[in-house]
Amino acid sequence: MTTGTPWGAQALETAFGDPLDALNPTGLRAALDADERAEPFSAGERVLRSHGLAAELLPTEHGGRLSRADHLVEILRTIHRRDPALALARCALPLTAAAHTLAARPGSPLPAALAVGRQVVVVHEDGFDGCGVVAVPRDGGWLLSGGQDAVRGARHADLLLVHATPEHRPDERILFLLDPATAPLGALRVLPRPAGTGTRAVPVDAVELHGLPVTARELVGDSGTAAAARTLVRAVLPPAATGALDTGLRVAVAHLSDRTLYGGPAVDIPLVRTVLAGVFTDLLRAETLGAAAARCLHLAPGLAAGYADAAAYVVPGLVTGAMDRLAELLGAHFYLREGPTGAFQKLLRDLLPADGGQAGRTACRLSLLAALPALGAGEPVPEGVFAFREDVHGAVPALPASARGVLPVPSPRAALREPWTDGHEDIGAALSADAAELDDLIGACAALPAGRSSGDAPARHHDLVDRYVRLLERDCQVRVWRHTRDPFLADPAWLRAALHRGDGHTPMPAHVEQALLRELVGRQRAHRSFGIGAHRLPHAGGDLR
């Protein structure tokens, strides 16, 4: 691969070292040992503090280093490669708070609090059941009542960023930054919850507000602030979780190469090879869509919300589905909590909340469904979004709330008008079928009732979301293939594999599968990541034995 690793991600990879080296104090073995003790991964946290991760999450206009969302994805992916729980506690939760600075009101106390390192945890609606805090106007300020019963990390927070619904205005939001230490007695309570499943070192708490008085001094923003934060979070956090899949695939390939079945290496069994090729393809699909969503924040901010919703809906399903298939290949070894495959069960368990925190796939589906009636009036995504090696020339923008509801439109017909070389007739036929599907989909979406709540839509309407994201994902893959200068991504084999996977889970053509497996094994031996960047990974020569 010729795509370079962003400096911040490369520096962090070097600082963490080889994740598969059992003697590495910041490798998978050390993370697993901390998990067994239900303790934070303290060695990993020291690496993040030394790197200055908090600055990576804060936009440059507020004194941080966040200027490229796609570079931030690579940084977070590096952490997921070792420990998704660490990524949740030290990346996802702080980023969810820092994202609110994109469209915070002038004079908001949030940027200054983050700049000095105060730990802020967001108490917000989960995107499905609505907001649990109500703001009642009182004496020039507000009284806050209500709460949320599953807030990650609230007990360790210095400040709480609370989303509230104004009384009698259920579709609006007001955001406040609260200091639990200064709240009147009994007005703000953080109640630890019993330990749940997954991410053992990241506690879940209930937050209750009982007539808590707040003033304009605590005001952070409104619905536009929340929408901008949601867009950044959905575009960045779910795609970063492919780092855990990268490691899971690496562990599985190593184990299956060493294990003997039916007189030979298990990796040579045809069914095993088919599953590995499919998992590799799904990893590429997830990272392609995720990278486009991140770059869209810069190059087409008016379309960024739609792309972010699509990425947050599609990518978690691809990642967890691929990990489930690898678990089937590992068999009983998947359940082990020690030895070379011991880290796998933790990676899969900790991936479950890696959906963007405030999103969830159901919430993203509902957002997309609400925007589908206007699909015919949408816009194509600029070509620069898919030229991953090109700079974006601009910091992360303040994303307008008005951008929600504007969906990017796939453009298979435009790709068909470009010059084509011989030998790609099958790809052209797939694009022709996609163009016809898009026309039919636009017609079906135009018949949807505009302005209707997506929460009570019949199941057949939700099927339209799946048709839409399938076309958007395939459009992304074709346009990456057309624009890339990387030899592997320029080879149509991976594109054929991706298009085939998008059509179902039947085995891909034999020559395509062989090309994917050659690349997979080559990267495993060269210690390069399996994603679209194929970044060089630290290698100390050890393993997890």
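Predicted model: local features only at pLDDT ≥ 70, side-chain atom pairs only at ≥ 80, totals over all residues.
Residues are numbered from 1 along each chain as its sequence is written, and side-chain values use heavy atoms, with hydrogens and water left out.

Let's start with the second largest pocket, which has a volume of about 780 Å³. On a 1 Å grid over the protein atoms alone, a pocket is an open set of points where a 1.4 Å probe fits, with protein on both sides within 12 Å along at least five of seven lines; lining residues have an atom within 4 Å of a point. Grid points are joined across faces, edges and corners, and the volume is the space filled by probe spheres set on the points. There are 37 lining residues here, and Glu45, Ala89, Arg90, Pro94 and Gln119 are the closest to the centre. Two or more lining residues come from each of α2 (28–36), α3 (42–51), α4 (53–57), α6 (84–98), β1 (120–123) and α12 (342–351). Helices (H or I, at least four residues) and strands (E, at least two) are DSSP runs, numbered from the N terminus. The biggest giver is α6, with seven residues. By type, the lining splits into 21 nonpolar, six polar and ten charged residues; Ala, Val, Leu, Ile, Met, Phe, Trp, Tyr, Cys and Pro count as nonpolar, Asp, Glu, Lys and Arg as charged, and the others, Gly among them, as polar.

Now for the inside. A nonpolar core is a set of buried Ala, Val, Leu, Ile, Met, Phe, Trp, Tyr and Cys residues joined through side-chain atoms within 4.5 Å. Buried means under 20% relative accessible area, exposed over 50%, and partly exposed in between (1.4 Å probe, protein chains only). The largest core has 132 residues, and Leu76, Ile79, Leu276, Tyr307, Leu326 and Leu372 touch the most other members. Helix α11 (residues 304–330) supplies the largest share of this core, 17 residues. Apart from this core lies another one of 23 residues, including Val123 and Trp142.

Of its 27 residues, 22 are buried, so α11 is largely enclosed by the rest of the structure. After α11 comes Gly331, with a positive phi near 60°. Further on, Thr341 sits in the loop between α11 and α12. Leaving aside neighbours within four places in sequence, Thr341 is in contact (heavy atoms within 4.5 Å) with Val251, His255, Leu330, His333 and Leu336.

| Residue | Relative accessible area | Class |
|---|---|---|
| Thr341 | 3% | buried |
| His71 | 30% | partly exposed |
| Pro203 | 18% | buried |
| Asp139 | 79% | exposed |
| Ala534 | 2% | buried |

His71 lies in helix α5 (residues 69–80). Although His71 and Val236 are 165 residues apart in sequence, their C-alpha atoms are 9.6 Å apart in space. Pro203 is in the loop between β6 (188–192) and β7 (204–214). Not counting residues up to four places away in sequence, Pro203 touches Val151, Arg152, Gly153, Arg155 and His156.

Asp139 isn't a glycine, but has a positive phi of about 55°; look for Asp139 in the loop between β2 (133–138) and β3 (141–152). Ala534, also not a glycine, has a positive phi near 45°, and sits in the segment after α19 (510–526).
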